[in-house]
Amino acid sequence: MNILRLSIAFLLSISIFSSCVTVKKKGEVSGFKKFYHNTTAYYNAYFNANELMEASMLNMQASNVDNYSQILDVYDYTNLQNPKSEAANLDKAIEKVSRSASLHRQSQWVDDCYVVIGKAQFYKQDYESAKETFQFMEEEFDPKNPYGSNYDFGENKTAAQKRKAKKRLDKQRDKEKAEERKEKDKAKKEERKERDDAKKIKEKERKEKEKARAAEKKARDKAKKQAMKDRKKGKRSTPTTNTTAPKTENPQTNQETTKTDTKKDDKLSEEEQKKADEEKKKEEEENAKKYRHEPAYYSGLYWLARTNIQRENYSSAEYNLNRIMGSEASEDVRRGVPAARAQMYLKKKEYDSALTALEEAISVSKSGKDKARYAFIKAQIFERMGNSTSAFKEFARCKSFKPLFEMEFYAILNEIKLSKEVGKYTTKKAINKMEKMLVDEKYKEYAGPIHHAIGDLLLKDGDIEGALAAFKLAASNGSGSNEVDSYYQLATLYYNNEEYADAKEYYDKTLEKMTKTDERYAEVKKLSGSLSQIATAINNIALQDSLLRLAELSDEELIVIAEAQLQNENNTQEVVIDAPTQRGFNRGFGSGGSNFFAYNPLAINQGKVEFNRTWGERVLEDNWRRSNRPEASSNFDEEEFDITEAEDVSISKEDFAKFKQKLPLTKTDKDFANIKIQEAMYELGILYRDKIQNYEKSASVLEELLVKFPTMKDKDKAYFYLYLDYADMNQLSESNRYKKLLLEQFPDSEYTKIANDPDYTRAVLAEENKLENFYDQTYRLFKNDNHDQVLANVAEAESTYGEDNEFQPKFTLLKAMSIGSKEGKENYINALNVVTKKYPKTDEAKRAKEILRFLKGDKEAFDAVLYEEASEAFTLDAEALHYVAIIVYKLGGDEVDKAKIDISKFNREFFKSSKLQMVNIFLNKDNESQIILVRKFSNQAKAMDYYNTIELNKDKYIQGIDYDIFPVSQKNYREIVKQRSVTNYRPFFEKEYQGN
């Protein structure tokens, strides 16, 4: 105990009498001082920071959500819903090692401190900052850099000597590069020479064989001639035999051989001793390494490579990894290289290279959990490549490494899925095994993935209906990525089956659950948009058809259905049906959640018997309304509506009268319903062509339209689109038939002229340009404040080109803004509301809503910049200095201060190391709007990172106050201040920053 106290006192005395001046070079500090700096840097900073990093790593691994339906990421801590969740801990780690690196520059742990800083930034997914840190470290701690901290000059050298050393180093590096190129060229030449030599040797061998064969032939011929001569002379030729006399042993030789063997034994003994000495020396060196500090330079290089991979700078990453493997990097650093390469190849989708790298990663890894992950990824790659046998083996191999429970479950599930393809199980047996998993308590929370796997098996067997049922169960029992995958699969199946109303519903559900980073997001968003109008048209047709059919029923039959509807409304629990649309009688309807009787399968089931009595039995299928089809059957599918009978409910005369009001009972109402069907069918035929390029479906609907409504208006349009559809399907005879019908029945139609006269098509295009030019003229009038003429032009556009012309939303917005200029705020608001109601899904409506939102005073209302011109005032510069602007309205000084306190707390928790500052200024005193400016961010990516972090953690940002927030470049911020409004910047931000 006394010795310990004396030691502590001794160390304290050293720390007191040793100055802590940290500007001296490594070579200038004493041994005691170096010991002090090393000990303090390690225990006060590096050790504690490492502890924080390890804790954060565990938390990130726990928060990591793997999507097992897609190829996994190599690392199990990168797929985070909230990348900033560990920002507070990581910022503390950065703070600790940053201070240490500054105070203890003589310490041997400085390079380790910079690695910790870079890794913390990497874990926060702030790859730009991580790259800067690792690049600085690479330069500063490169042992070959004469200006770096790790370069050993020996004795102190002058600046001139250092420059000279640097030149010598640069020259050496250039020489090395030249030698490397020379070696490559030499290797290529040697390779060519080897190929040429091989050819020469082969040619020489061939010639020698030919020569030997010729000599042999010559010898045989000579022997024959000699034999003939001998026979003529009466001599008998005798065969020559070669005999070898047995060698006699020489005692002297044996003695020499024995001596040689003895010498060989002695030599082997010496070699074994030498080998043992070398192994001992190597073991001593390894033990010594355990107790000495290893420079972190190559570790930093490894993390720089990882950062470059995340930033998709693959050539730099490859260069970094090659440098590590060609260096004296530690075994731990080298061990990480194959996994990093695998990650790079996966991101590049170079799967063959990824397989090789993953196998190498398995061979060098010491972690069973990591080995299991690498094997699982290999299996996924093989499965994607269609190599079921190899995939099956890798899933089994994954299990052998004893992975975590979830990965083991998916490995088992995937094995069962592949069992049929590898000849182990039949589909039935595989599904039986999965159904056993469903009742196993330990797999209770994985019901969704199991049902999805069953769906996959049924789909491979061609059982579409069974697959759909399984995927619906998967969606209702799944969560996260599993739920998304099931909805996506359902949408895809319905789409491929040309059931577009159902497909639209499921694409929408997929879009609700799917993250924007999902590689399928753009496809789903596009298809959802394309199918929107198609689904509406399909539902409208189905609804009007159903209403017309129900209108033909007797009151007795309708009462049964009405009572069922009433029962449904009185029920506390809504009837659950085959969501989102029903198959059979009301195929193609909208959402199954509607309370309208035509969507109620319970009502339909109860009225079915009465309906059959009057109308006969019909097959429940698409296009059932085409009664003239010869193949139409007359039987209902009794299994379509397997729904329990509801209790009898009486309906009053008043309620029944209201019920009947919904039906088209009069001739006028029926005609109107048929007009709706006709218009919807025509629209559907065009949409199939324009939106999803399904020319066959388009032609089918339009032909059905012509059969059902032979006297329809706009028949020439239907002929024209059929002409186009068949031309695109390369069915020229049909295409020409409709072209001929156009000429015969509608010789003066615009569509006939387009189909037959290319010059007319050009004239039509010119007419369309005329409308655009007229709009441009009207817009210039608006900019010149000639609002009376703007209103006159808008009226002329409506009368000349019709209210449905493509520029009408733009004209209407111009009209609203001119009204605002002439008639004041109240009329301006009314006119803007017209825009939002008449054209709800247009950019102009969006623009009108923004103006309404920010319309705080008359001056703010009269904005002369329209939506489509908004981008002209702003420029995109991703690398420019950025701010984040928070706009608040009608706040007093205390409220603004409270908002700033909330922002400051948020910044300390999530962006402590960024050292952000705040300032607030009035944006527009008339509407009492202010900007709280958070600054500075070195580029767009960092500003957007701040913005996205707020979106994920809104509960920790400004509370109790409405605000708008925008990342903005320095230049665009000045433009906002100049305009005194963010109204025009909003669409620019949404388009350029958010991709909307």
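Strand 1 and strand 4 pair in the antiparallel sense over 7 bridges. Here two strands pair if DSSP finds at least two bridges between them. Helices (H or I, at least four residues) and strands (E, at least two) are DSSP runs, numbered from the N terminus. This is a predicted model, in which local features need pLDDT of at least 70 and side-chain atom pairs count only at pLDDT 80 or more, while totals for chains, interfaces and linings use all residues. Residues are numbered from 1 along each chain as its sequence is written, and side-chain values use heavy atoms, with hydrogens and water left out.

Strand 4 is mostly covered, with 6 of its 7 residues buried; buried means under 20% relative accessible area, exposed over 50%, and partly exposed in between (1.4 Å probe, protein chains only).

Strand 1 (residues 882-889) also pairs with strand 3 (residues 929-937), again in the antiparallel sense and over 7 bridges. There His-882 stands opposite Phe-937 of strand 3.

The 4 strands together form an open sheet in the order 2-3-1-4, with antiparallel pairing. Its edge strands, strand 2 (917-924) and strand 4 (963-969), each pair on one side only. From one strand to the next the twist averages 25°. Helix 36 (residues 940-952) packs on the sheet and touches strand 1, strand 3 and strand 4, and its direction makes about 165° with that of strand 4. Contact means heavy atoms within 4.5 Å. Axes are lines fitted to C-alpha atoms, for helices over the stretch in contact, and angles run from 0 to 180 degrees between N-to-C directions.

Elsewhere in the chain, the axes of helix 12 (residues 368-384) and helix 14 (residues 405-418) come within 11 Å and cross at roughly 30°. The two helices are therefore roughly parallel to each other, the term for angles under 35 degrees, whereas over 145 counts as roughly antiparallel, 65 to 115 as roughly perpendicular and the rest as oblique. Helix 12 contributes Ala-372, Arg-373, Phe-376 and Glu-383 to the contact, and helix 14 contributes residues including Met-407, Tyr-410 and Leu-418.

For the protein as a whole, the secondary structure comes to 38 helices and 4 strands. Of its 996 residues, 43% count as buried. Among contacts between residues at least 6 apart in sequence, 65% join residues at least 24 apart.
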